Amino acid sequence: MAVYKLAMRMNRRRFVRLGAAAMAGGFGARTPAPPPSAPRFELVQPDLFAATGGQPSCWADYDNDGDLDLFVGFKDGVANRLYRNDGGKFVEVAADAGLPDTTDTRAAAWGDPNADGRLDLYVGFTRRSGLANKLYLNDGKGRFTDVARDLGIDVKGETRQVSWIDFDNDGRVDLFIAFRDAPNMLFHNQGNRFVDVAKDVGLDDARKTVGAVWFDMNDDGRLDLFVANQDGTLNGLFRNDGSRFVDVAAELGMDAAGRPANFGSNGPSVADYDNDGRLDLFVAGYGRNFLFHNDGGGRFSEVAASHGVAGGDRATPSAWGDYDNDGRPDLYVSSYIERPVNERDFLFHNGAGAFADAMPELVAKHGATHGVQWVDFDGDGALDLALANNNPTGGHYLFRNLLAADRARCSLQVMVVDSKGNYTRAGSEVRVFAAGKRTVLGGRLVDTGGGYCSQSAMPVHFGLPAEGKVDVEVTAMTKSGRKVTRVANVDPNRQQRRILTVKV
């Protein structure tokens, strides 16, 4: 026992030294990239997006009119918002739609659990509110009705990440819910009801989970689960072995062992940041961040310090998006500090693996703290930025990307749906290649959670090095393994709103 305690003290000291070095700019031997020029953004309808207290935010085309709409959840006393996108002009319709909860909302996720072609919304609250979580069923006419109790998913707790995923590849979308104050839950979709199977499969993790993301980390055709935990508790990476999940985070060096009780991890996010064809994992956190490079074969290397992204103070959510369409995903990381208007966000420009902060003044002075989403809401090919700040003086802002038109056209979005055209394939992988070649131009994950306890239902975006045709490859998880669907010689200029829809 004495040896164990000594080892833990040494580990803790090592973790603190790493965090301090990162925050002081000690990012390893790599020469920092030169400061990139800051991108240009402009505020969209600032009077409309002015309410304070924004937390989860997620995008989806809930009315099937061809453009993406936005849901934002708020702290106590402020009604949640649903912004309908009418051709690039937003109208707030939550009350008319039946969604104006005024209880502290901490999680939100769009999905299609009944596979009827209409996107539904699960909303999670805090335990102190006494309010059970809700599943708002979309009637296709602009109205939502809470059916959580009927389906057995009206649970209570300090709800954080909610994800609609098909963990057993049976073709039905299941529901994962992470809690900060109780064991996590995994509801199996049985058609007309959901049943919690977390204990049966080994996912009833009682640690203080505040963020989670699902992806196939070892290429075996099953979605695995990374959970980001707070208050010094270890992170988890649960490998999906079919009938059971096994936590392999310690074995892979991904559990953040030895950190003190005031450190912890938050919003994880997944992207192929170096275009090597494998999906990597970024984990924001209090104390320090982690960037896990996917080495293949289910192994990862931690490279945050050497790549310049380990620093920050209280990093909360993270989100990847190629804002300049140079073919490399950039990284937004927001930070939460307990005093209002004291957060420090980072917009890390990806310069071929060496990251440098490119935060523009307009965005910096507003800050995020919680919600972060990259989205091309106006269909011009350039990623716009939506933020939510839950400080008393913070708002929830939408920034239009003013990327030059010739660069905005160097892009493609891919919408992944099932054979019937329904949005049920979260966790699928999308890769873009140079036409007729196997040169990877980008890799993305169909959203399974992120941007602070949220899940969007929208296309994945790729910046491209130049205009021209590309090949697209979508890998979906099925009962028979990883199913690859290829579409060759795609011309982004011939796709409406630059969106290619792929059925898998």
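A residue is called buried here if its relative accessible area is under 20%, exposed if over 50%, and partly exposed in between, using a 1.4 Å probe and protein chains only. The model is predicted, so local features need pLDDT of at least 70 and side-chain atom pairs count only at pLDDT 80 or more, while totals for chains, interfaces and linings use all residues. Residues are numbered from 1 along each chain as its sequence is written, and side-chain values use heavy atoms, with hydrogens and water left out.

Rings of Phe, Tyr and Trp (its six-membered ring) pair if their centres lie within 6.5 Å; planes under 30 degrees apart count as stacked, over 60 as edge-to-face and the rest as tilted. Across the whole structure, 22 aromatic pairs are found. In one of them, the ring centres of Phe-41 and Phe-399 are 6.4 Å apart and the planes meet at 75°, so this pair is edge-to-face. The two partners come from distant parts of the chain, 358 residues apart, with Phe-41 in strand S1 (residues 41-43) and Phe-399 in strand S28 (residues 396-401). Strands are DSSP runs (E, at least two residues), as helices are (H or I, at least four), numbered from the N terminus. Phe-41 counts as buried at 9% relative accessibility, and Phe-399 counts as buried at 0%.

A tilted example is given by Phe-167 and Phe-245, whose ring centres lie 6.3 Å apart with planes at 50°. Elsewhere, ring pairs join Phe-49, Trp-59, Tyr-83, Phe-90 and Phe-377 into a cluster.

Charges meet rings as well. A charge sits over a ring if NZ of Lys or CZ of Arg is within 6 Å of the ring centre and within 35 degrees of the ring normal. The charged end of Arg-81 is placed in this way over Phe-74, 5.1 Å from the ring centre, and Arg-438 lies over the face of Phe-433 at 4.0 Å.

Turning to the strands, two of them pair if DSSP finds at least two bridges between them. An open, antiparallel sheet is formed by four strands in the order S10-S11-S12-S13. Strand S10 (159-165) and strand S13 (194-196) are at the edges with a single partner strand each, so one side of each has no neighbour in the sheet. Three bridges pair strand S12 (residues 185-189) with S13 in the antiparallel sense, and His-188 has Val-195 as its bridge partner in S13.

Strand S27 (residues 384-388) is mostly covered, with five of its five residues buried. In a regular strand, side chains alternate between the two faces of the sheet. On one side of S27 lie Asp-384, Ala-386 and Ala-388, on the other Leu-385 and Leu-387, and all are buried. Strand S26 (residues 372-375) pairs with S27 over four antiparallel bridges, and Val-375 stands opposite Asp-384. S27 is also joined to S28 by four bridges, again antiparallel, with Tyr-397 in S28 as the bridge partner of Leu-387.
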